[in-house]
Structure formats: C-alpha cells, structure tokens
Amino acid sequence: MKNLDWSKLPFGYIPTDYNVRCYYRDGKWGEVEVCSDEYIKMHMAATCLHYGQEAFEGLKAYRCPDGKVRVFRMDENAARLQSTCRGILMPEVPTELFEEMVTKVVRLNQDYIPTYESGATLYIRPLLVGMSAQVGVHPASEYLFMIFVTPVGPYFKGGFSTNPYVIIREFDRSAPLGTGIYKVGGNYAASLRANKMAHDLGYACEFYLDAKEKKYMDECGAANFFGIKDNTYVTPKSTSILPSITNKSLMQLAEDMGMKVERRQIPEDELATFEEAGACGTAAVISPISKIDDLENKKSYVISKDGKPGPISTKLYNKLRGIQYGTEPDIHNWTKVVIE
Ligand code: PLP
Ligand code: COI
C-alpha cells in the first residue's frame, strides 16, 4: 500500500497508476483497455466539448476490517448511467461491462485504497463522452467510456458533523423537465455560481428550490435532502433532482428500522417542523444539517438545536457505513466483494 497519510486526505484528485477505457465504435463496444496515461486524445469537434454529451457516475470502494474490499451498489450506478445515456442520446453501457471495469480498475489500483481506520475511501469515477466530430447539434457516433479512481477524504469539512446550508434563489440548477435527473456535466456547470455564492457567504453548501414555483425543497449541491420528524423519513419528490443511490438506500434502512418513509414535495416552511435533516450522497455520505437559511425571505430554519447530529441520522449513518464496510449484515445484497 502507498505510504500516504490517508486520514488527512481532502476530497480531491490524486493520480493513481491505471485507468480503464472502452470505446464504442461502429455500433458496438470494444475491448477493455488498461491505460496509465491520465490524458485523453480527442477531436476538437468532439460532441462532449461542444454540446455537453458527457455523463459521469460516482461510487466508492471500501477497505473493510475483514481485509476485503467492497463496492457499494454498483449495479445501481450502472442503471443510472444507462438512464443518463437515454436522456442525452448516448449508447448505454451494459451493466456487465460497467461492473467488469469497476472491478478491474479497483484491483489495478489497490495500493491506493485507504486504510479502514483513516475513514478515507477510494472514489470511483466512471465517465462517458461523445468523441467523434460534429458541428451540427447531433449525437456523436463514437464514444469513450472510462473509469479512474482516486483516494478521497470527507466531502464536507468535519465528516459526520453538522453544517449550515443556504437557499439560493438567484440560480436554478436544472429545469423541471430538463436534465436534473441525469448525471451530466452541464448540471454541475449550472451549479458553480450558486455553490460559490454559498461558500462566499460562509455556508457549507447551496440549497435549490424547485425552479418553477420556488416553493419546494429540491436538493443541495451534489447531494439529496432528507428530513426526519414523527418517526418519518421525508425526502423530496421532484422531476429535477438526481435519483441518489444513497438516498434510496437510506429510505430502505429507515423502513427496516420501523420508520415511515414519505417521498413527496416538501414546502420550504415545512423545514421548521423537522427534528433532524441531512444531505446524502456518495461523496457526502450523510452530512447532517445544522440550519438552512433563506436570506431573501429573512428566515433561518434551525434544525439542530445543540449543533450535533441527531439520533436517527446517527443511527442511519452507522447502519449504512456498517454495510459498506462489511461490519453489519448486508441483508439487501448491496455490496460486492471485489478483492477477497
Ligand atoms: N445529487 C447530485 C446532484 C449529485 O451529484 C449526487 C452525487 O452523485 C447525489 C445527489 C447523490 O447521489 P448518490 O447517492 O447516488 O451518490
Ligand atoms: C458523488 O457523490 O459521487 C458526487 O457526484 C459528488 C460530486 C463530487 C459531484
């Protein structure tokens, strides 16, 4: 294993030894290639550069206390990538190819999988780009699907501790019938100014309302939102948020714990009624929310009165982490051992 101080890792990019690539040409996927070059040679008129024909995914590999390395729900990431492909007219990456390449790239870079104790993980970043030249607005005929990995620390400062969020009304991340449900680069380009604004104001993350009515909670930065009250896990139903695999898992875990689960619109003023709330995602895991400010409406919804994560969020976090690290029974078969 590389001699790095894993516990001090930020959520950033560190080069590893290999990435894996597969080209789609003449209507079919080719052979998987192992590559040590961090660069891609592409045509200057490639559709990914001009018309945003780009999709990505994010998942993690965990070095577990039993010595094995597990990956969490990669079939779900494959399915979401396929949905994105349909959304922006790219050829679907078959689940078997996706899983084969994830497994391969993790094994090839196993020296970079952080220790269990460090709390850091190996972030896996699959991406699919339109490669062939187009000047008219049309899909490419050739594509590159590749996966790189990089060891990462916590996405939000402090890991599992509360952070303040702010509702940004000046910018929308995605339109009600736009690409918000897909994991395409354009959504993140649209979020950069809101994210900077939130950070400049001293908040951990920006919060989006629904773009049409500016009335309902959508999602926060690169994470879904959940609130907890009356033994119920409540999370937004919206046509413009990314279907988070972490959120889907938490809904199941909440149900397993005997809680009610509601996926529905959440009006902003309902925030005042939540006993706990959090942002959730692969990078964020669960990031408990201390308060959500709405500066324009001069409102501050204080969620954690003592500034600490609440008991249910903590229980959900421990359960999810336990499954990911193989210390809790994986009754839903969510993890796959990629290194024995
Ligand atoms: N929402 C957005 C916009 C994201 O980028 C992510 C990260 O992938 C999520 C939510 C969380 O999704 P997941 O739990 O599948 O990582
Ligand atoms: C993830 O949680 O995987 C994300 O996509 C977050 C991000 C860095 C965009």
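1. Starting with the domain contact: 21 residues of domain 1 touch 17 residues of domain 2, where contact means heavy atoms within 4.5 Å. The chain splits into domain 1 (6–152) and domain 2 (163–323), with bounds from an automatic or database domain assignment. Their C-alpha centres are 26 Å apart.

2. Some housekeeping: this is a predicted model, where local features need pLDDT of at least 70, side-chain atom pairs count only at pLDDT 80 or more, and totals for chains, interfaces and linings use all residues. Residues are numbered from 1 along each chain as its sequence is written, chains are lettered from A and ligands numbered from 1 in the order in which they are written, and side-chain values use heavy atoms, with hydrogens and water left out.

3. Ligand 1 has 16 residues around it, and Tyr188, Glu219, Ser244, Thr246 and Thr282 come nearest (a residue counts as near if one of its heavy atoms lies within 4 Å). For polar contacts (N or O pairs within 3.5 Å), a polar side-chain atom of Tyr188 is 2.4 Å from a ligand 1 oxygen. Ser244 places a polar side-chain atom 2.6 Å from an oxygen of ligand 1, and an N or O atom in the Thr282 side chain is also 2.6 Å from a ligand 1 oxygen. Taken alone, ligand 1 exposes 380 Å², and the protein buries 97% of that (Shrake-Rupley areas, 1.4 Å probe).

4. Around ligand 2 you'll find Phe11, Gly58, Tyr123, Tyr155, Lys183, Tyr188, Ala222, Thr282 and Ala283. By class that makes six nonpolar, two polar and one charged, with Tyr and Ala counted as nonpolar, Lys as charged and Gly as polar. Domain 1 and domain 2 each supply at least three residues of this shell.

5. Which side-chain atom lies 2.6 Å from an oxygen atom of ligand 2? That is a polar one of Lys183.

6. Last, location. Ligand 1 sits in the largest pocket, and ligand 2 sits in the largest pocket. A pocket here is an open set of points on a 1 Å grid over the protein atoms alone, where a 1.4 Å probe fits, with protein on both sides within 12 Å along at least five of seven lines; "sits in" means more than half of the molecule's atoms lie within 2 Å of its grid points.

Definitions and conventions:
A polar contact is a pair of N or O atoms within 3.5 Å; within protein, one must be able to donate a hydrogen and the other to accept it, and residues adjacent in sequence count only if both atoms are side-chain atoms. On a 1 Å grid over the protein atoms alone, a cavity is a set of points where a 1.4 Å probe fits but cannot get out, and a pocket is an open set with protein on both sides within 12 Å along at least five of seven lines; lining residues have an atom within 4 Å of a point.
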